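Reader: I am still learning how to read a protein model, and I would like to look closely at one part of this one. Could you take me through it slowly?

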Amino acid sequence: MQTMASQQNRQTQVVIIGAGLTGLSTAFFLKQKNLEVVVLEEKDRTGGQVQSFSERGFVFESGPNTGVLSYPEVVEMFQVLGDVELTTAREEAKKRLIWKGNRFHALPASLPSAVLTPLFTWKDKFRILGEPFRSKGNNPDETVAQLAARRLGRSFVDYAVDPFLSGVYAGNPNTLVTRYALPKLYNLEQNYGSFIKGSIAKAKEPKTERDRLATRKVFSAQGGLSALVKALTNHINGKDSQQNIITGAKEIRIKPGTDGLETTRWRTEFIHNGELCTLQSKYVITTVGSYSLPDMLPFIETEQLNRVNNLFYAPIVQAAVGYSEEALPHFQAFGGLVPSCEQQDILGILNPSACFGNRAPQGGSTLAVFMGGVRHPDYVQRSDRELEEMVLRNMHRMLGIRKDPQLLRLFKHAQAIPQYETNSGERFAAIEQIERQYPGLYLKGNLCGGIGMADRIHQAYLTAQAINV
Ligand SMILES: Cc1cc2nc3c(=O)[nH]c(=O)nc-3n(C[C@H](O)[C@H](O)[C@H](O)COP(=O)(O)OP(=O)(O)OC[C@H]3O[C@@H](n4cnc5c(N)ncnc54)[C@H](O)[C@@H]3O)c2cc1C
């Protein structure tokens, strides 16, 4: 019989480092191709930034709350997994709110509301009529704020783009570069000359049955996103006699193999239960944050790895706030975002219980409040007491709720969301160069290829497609 230690010392086809959504989805798509995969994770649980909790009828997340069904493979993955249910946000919770003055206003969703909204100036409302005729930009490193100001006007930057980027990146439109941070938007202008013309042309493009799976609907999993992690983990471990996901794998070091054979061209050493273990493989895929790479890849020159490591991660504090009785009849929306020019101390409030069923006791609500980001990186260092006061103050000020919530949990993420700024081009080029120089080594994860959950699954799908044994 094989011992545990010998199970960890083996030859496999692909080793994946990190059991977050990227690592697990990559393993999933590789298993679909019948490849042998071992996933190494330093923590004692899988999921990485994805983690749901359930307490007294409240279901809440410490990391992502929702994704967007922007790629068919997201839907296909749920379909194959079977024992997790994909849920999409209710239509009645579609409304997005933006804070201006001393209250939330709905982001316009129709022509009359676009004309009447107080969010944008009259000058910019008229200006938008000229958007299809404005010439296209020629600065590839243009920031999202520069691009949006040029095409739409300053009030759209302040009251649409800025809060949107706070919601997605906890970032700053003056430093995020469009072609890296929002490549689809960048391509609309570059390929069609205008956002409006591009959106119309794209909507008219013929779509296959598979393309139609990408609906841009907001999704989660029934019972919270950890249900997806659990289903992926079970699927990857499967019924194989050997463990395919090894948690608690410490001090991982990847080294080129020494026997000259392609099948064993990589050696991955790690400590497990105090023992040194070694995996040999043809491929190694890292999906960890850039800050973990220098220790893991000691054979790569520091100067070369520094160009991958040039990444700043926005820190975020997320608070889960639960009310067990009807406290929020007027907040039946996806959520409310706060533009930075309004100088408030939170980034926004999401209402996952309005979007999905079974997230709060009957009639109650579970909210997610976001604080920090690139504009307030120090918040993550604040005491729980200060942060809780900040949450309660804003519940009162923004939503008019005076009573104490039945649930208040804080989650501090010191390195939450990578910021795709000007140096991203250098990072992507360095990654490509390393992958060319060291065949079989892939540097993946959200340091490239997008930060959203759908981007993670899409990258995993493409990586698995590129790997053949
Ligand atoms: C607070 C927050 C809110 C978010 N909200 C949303 C949202 O609403 N919608 C959305 O689409 N996206 C959101 N995101 C982004 C999204 O969650 C992430 O981009 C995605 O989950 C990252 O997955 P990953 O697998 O690439 O990285 P991770 O989840 O970070 O996984 C990496 C894994 O590698 C492991 N690891 C790290 N170092 C080592 C090492 N040295 N050895 C072994 N293992 C190691 C880690 O423990 C981890 O399990 C949010 C992120 C945060 C933090």
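Reader: Leaving aside its neighbours within four places in sequence, which residues is Leu 30 in contact with?

Author: Please keep in mind that this is a predicted model. Once the neighbours within four places in sequence are set aside, Leu 30 is in contact with Val 14, Ile 16, Leu 35 and Val 37, and also with Ile 285, Ala 464 and Ile 467. Leu 30 belongs to the largest nonpolar core, which has 40 residues, and together with Leu 228 and Leu 232 it is one of those with the most contacts inside that core. Several elements each supply at least two residues of this core, among them strand 2 (14-17), helix 2, strand 3 (37-41), helix 11, strand 15 (283-286) and helix 17 (453-466).

Two of these elements, helix 2 (residues 21-32) and helix 11 (residues 226-237), deserve a look as a pair, for their axes come within 10 Å and cross at roughly 40°. The two helices are therefore oblique to each other, and their crossing is left-handed. On the side of helix 2, the contact is made by Leu 21, Leu 24, Ala 27, Phe 28, Lys 31 and Gln 32, while helix 11 contributes Leu 228, Val 229, Leu 232, Thr 233, His 235 and Ile 236. Sorted by class, this contact of helix 2 with helix 11 has 8 nonpolar, 3 polar and 1 charged residues.

Key
Residues numbered from 1 in each chain as written. Predicted model: local features only at pLDDT ≥ 70, side-chain atom pairs only at ≥ 80, totals over all residues. Heavy atoms only, no water. Axes fitted to C-alpha atoms, helices over the stretch in contact; angles between N-to-C directions. Helix = DSSP H or I, 4+ residues; strand = E, 2+ residues; numbered from the N terminus. Parallel < 35°, antiparallel > 145°, perpendicular 65-115°, else oblique. Left-handed = near helix turned anticlockwise from the far one by under 90°. Contact = heavy atoms within 4.5 Å. Nonpolar A, V, L, I, M, F, W, Y, C, P; charged D, E, K, R; others polar. Core = buried A, V, L, I, M, F, W, Y, C linked by side-chain atoms within 4.5 Å. Buried < 20%, exposed > 50% of the residue type's maximum accessible area, 1.4 Å probe, protein only.
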